[in-house]
Amino acid sequence: MKKTILTVLTAVLAAGASLAQAQTTLDLWHIQTTENGKKIIQDAVNRFQQANPGIKVRVTPTQNDAYKSKLKIAFGAGSAPCVFMSWGGGPLYEYVRSNQVVDLTPYLDKNAAFKNRLLPASWSPVTFNKRIYGIPAENTAVAVILYNKELFARYGLKPPRTWDELLKVVGTLKKNNVAAFSLANKAKWPGSMFYAYLVDRIGGPTVFKSAALREKGGSFTDPAFIRAGELLQELVKAGGFVQGYNGLDYDSGVSRQLLYSGRAAMELMGTWELGNIKNENPEFLKKVDFFAFPTVPGGKGNPNAVLGTVGDNFYSISRGCKNPEAAFKLLTYLIDEQAVQERVADNRLPPVKNLKVSDPLLKRIQTFVSKAPSVQLWYDQELPPQLGELHKDTSQALLGLSITPQSAAAQMENLAKKILK
Amino acid sequence: MSTITSAKTAPIPLEKRRQWSQAWVAAAFLLPALLLLGVFLVYPLLTSFRLSLLNWNGLGNTAQYVGLHNWAELLHDSTFLTAIKNNGLLALLSIAIQIPAGLVLAFLLNKAGRGSTFLKVLYFLPLLMSSVAIGTVFRSVYDPNFGPINSLLRAMHLDVLAQDWLGNPSLALPSVIAVVCWQNIPFYMLLFLAGLASMPAELREAALLDGASKRVIFWRITLPFLQGTIRTALVLSLIGSLRYFDLIYVMTGGGPSGASEVMATYMYRTVFASFNIGYGAAISTAMFIIVAVAAGLALRTTRRFETEV
């Protein structure tokens, strides 16, 4: 009897001791709310906890749009989580600029093997003034034009390679009562992709960069921006989009329903759309193929250059974190070999070098991205938030034919002059 | 024991003592309410005004004091002016549609008597649903490609009337206002039903005895009897329309191209999407001032027209 009491006592004491050790708790916030997405992160956290007894990780997944407000309020109130997810670019820089994010450069220098395993292009959205503030982990997603092979075959169409060929495709489809492009532009970012691609095809990758960074005489009134607006409106006037595109809500899936029902033949969208289609309508996926955004007559851009992001989402450590060492270790688990395999199984392309992929469609996206001489991050993510919002507003207005390309460019330039120094 | 002696030494009149204790009791009862008002109304209001004097992205110690700069900018901000205009239109149409419709429904239901319980519940339903759910449902109702409205119009060969309800800048706001009215009419109906229920039957009976027609009874007795309720409805509708947010945010997000932007959606975008806390605070403080002034004016003018029943 005495012996049992003693054993129980020791057990209790031991538990107490380990409790005292488990003082460190790290908070991790992310937006992977699908079953698989949640599981991949939780599995990585479990591996980390197993290897680091005494450190507990509290994981909080949040829906995409709610997350943006939640994160901002948490930082404003001084109760930010240790590890948080972001999309890199302008919004993350807002946090970096306010001295809220840990500079990961020294940690990465110490862990060169970890750093070199990841694709070089994946670091650029989290690199500011040559310092790195986050690690890429989730996926490579670039905008491509998805199209319905069956519809194209029925009307004898081929994937257009130039703007003029595209306009011809639009004309043929229109004659047959099919809208060329499906677009759900209530949230404004889907339509902004057309504008960004046009700027890239017309002026090449440097026009936007130098305007956004205020370098080398860059300006948002550069002819490339105005020409992009003109071509966009030309496409609208040619009847290139489904009815009601500026009021449709992407999140409710209408743009895909328009594809499924055959009312629209194409959609310019991030490659994640293929995953959505696979989940919603696997039969339809067999009819889908994709091609690159066409070239523009006289344009300087490389037809292989892409718009999108390599590595998104990104994970960073907040300045308020009491144990950044442990938090960095946690970051490495989020994209260890196991996590990479699980993501590939979930139809994603984690940003690691020499990634082995067997799914044919995924493989094609991989080749497509690997050929790209440059990757332009989504404008609304690259620009500072205020300017990003204005860009979305003006591109929606351009698509709605309610402003002129000159006015859109001038509005952007005025605000850029005011807030970018 | 001691109270008795003190009462003896200071002979205060009973009346005065009662008044004092009443004042204390009143203060004690008011204190919690005042505290709540202070913590949840006055303090946030002052904080919001203080924030409106800053240029701040809401993160860390990066705020700069800019004085009234945000306010000066607000006066020239065309988006804000559009938002005020839209709020005004929303208020005008809300009052012009919701209150008469609520009144008519209440009057008819009141006349129908007991048998109307089912209709009452039916008409009351929109008020029970969350605005977000209503917004989502009506987004699909309005959908130009798959929505029932356009399908119906096309089925009736009225293709010209099939519109892009939420994507067309000149239709977006009216389309949203129609849903706002549909959602809020039941509230005014309920308010007027309660008003009608409190009307003494003798009033009507006396008028009938005097030979008044039904029409005269409605215009001369029922309506004047309800004028207090109508006034309440008017002010509530005005305040509600000026700070409207949820349905518009869900259905159009203020777009397309700002066509359905109201003050609250603009404030939300400025604070949460543009990281511009100072300017957003200026918008919200200006909104408070506009709502307070409008409500005050509405109360004053309607009081002037009030007649004795």
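**View 1. Leu146(A) stands opposite Phe290(A) in β10(A).** This is a predicted model, in which local features need pLDDT of at least 70 and side-chain atom pairs count only at pLDDT 80 or more, whereas totals for chains, interfaces and linings use all residues. Residues are numbered from 1 along each chain as its sequence is written, chains are lettered from A and ligands numbered from 1 in the order in which they are written, and side-chain values use heavy atoms, with hydrogens and water left out. Strand β7 (residues 140-148) of chain A is joined to β10(A) by four bridges, and the two run antiparallel; strands pair if DSSP finds at least two bridges between them. Strands (E, at least two residues) and helices (H or I, at least four) are DSSP runs numbered from the N terminus. Strand β10 (residues 288-291) of chain A is covered on both faces, with Val288(A) and Phe290(A) buried on one side and Asp289(A) and Phe291(A) buried on the other. Buried means under 20% relative accessible area, exposed over 50% and partly exposed in between, with a 1.4 Å probe and protein chains only.

**View 2. A salt bridge of 2.4 Å (N to O) joins the side chains of Arg364(A) and Asp289(A).** This pair links distant parts of the chain, since Arg364(A) belongs to helix α17 of chain A and Asp289(A) to strand β10 of chain A, 75 residues apart. A salt bridge is a side-chain nitrogen of Lys or Arg within 4 Å of a carboxyl oxygen of Asp or Glu. Arg364(A) has a relative accessible area of 36% and is therefore partly exposed, whereas Asp289(A), with 16%, is buried. Elsewhere, salt bridges that share partners gather Lys188(A), Glu389(A), Lys392(A), Asp393(A), Glu261(B) and Arg269(B) into one network. Over all chains, the structure holds 26 salt bridges.

**View 3. Glu138(A) and Arg348(A) meet through their side chains in a salt bridge of 2.8 Å (N to O).** Glu138(A) sits in the loop between β6 and β7 of chain A, and Arg348(A) in the loop between α16 (337-345) and α17 (360-370) of chain A, so the pair ties together parts that are 210 residues apart in sequence. Both partners are buried, Glu138(A) with a relative accessible area of 2% and Arg348(A) with 9%.

**View 4. Within helix α4 (residues 89-97) of chain A, Glu94(A) and Arg97(A) are three residues apart and therefore separated by about one helical turn.** Their side chains meet in a salt bridge of 2.6 Å, N to O. Glu94(A) is buried at a relative accessible area of 8%, while Arg97(A), at 49%, counts as partly exposed.

**View 5. Five strands of chain A form an open sheet in the order β2-β1-β3-β12-β6, with mixed pairing.** β2 (55-61) and β6 (135-136) of chain A stand at the edges with a single partner strand each, so one side of each is left without a neighbour in the sheet. Seven bridges hold strand β1 (residues 24-30) of chain A to β2(A) in a parallel run, and Thr25(A) has Lys56(A) in β2(A) as its bridge partner. β12(A) runs antiparallel to β3(A), with four bridges, among whose strands Ser86(A) stands opposite Phe314(A) in β12(A). β6(A) is likewise antiparallel to β12(A), through two bridges, and Ile135(A) is the bridge partner of Tyr315(A) in β12(A). From β12(A), Phe314(A) and Ser316(A) point one way and Tyr315(A) and Ile317(A) the other, and all are buried.

**View 6. Helix α15 (residues 324-334) of chain A lies across β1, β2, β3 (83-86), β6 and β12 (314-317) of chain A.** The helix runs at about 170° to β12(A), where axes are lines fitted to C-alpha atoms, for helices over the stretch in contact (heavy atoms within 4.5 Å), and angles run from 0 to 180 degrees between N-to-C directions. α15(A) is mostly covered, with eight of its 11 residues buried, including Ala326(A), Phe328(A), Leu331(A) and Tyr333(A).

**View 7. Leu46(B) and Ser48(B) both lie in helix α2 of chain B.** Helix α2 covers residues 14-51. Leu46(B) counts as exposed at 56% relative accessibility, whereas Ser48(B) counts as buried at 15%. Leaving aside neighbours within four places in sequence, Ser48(B) is in contact with Ala281(B), Ser284(B) and Thr285(B).
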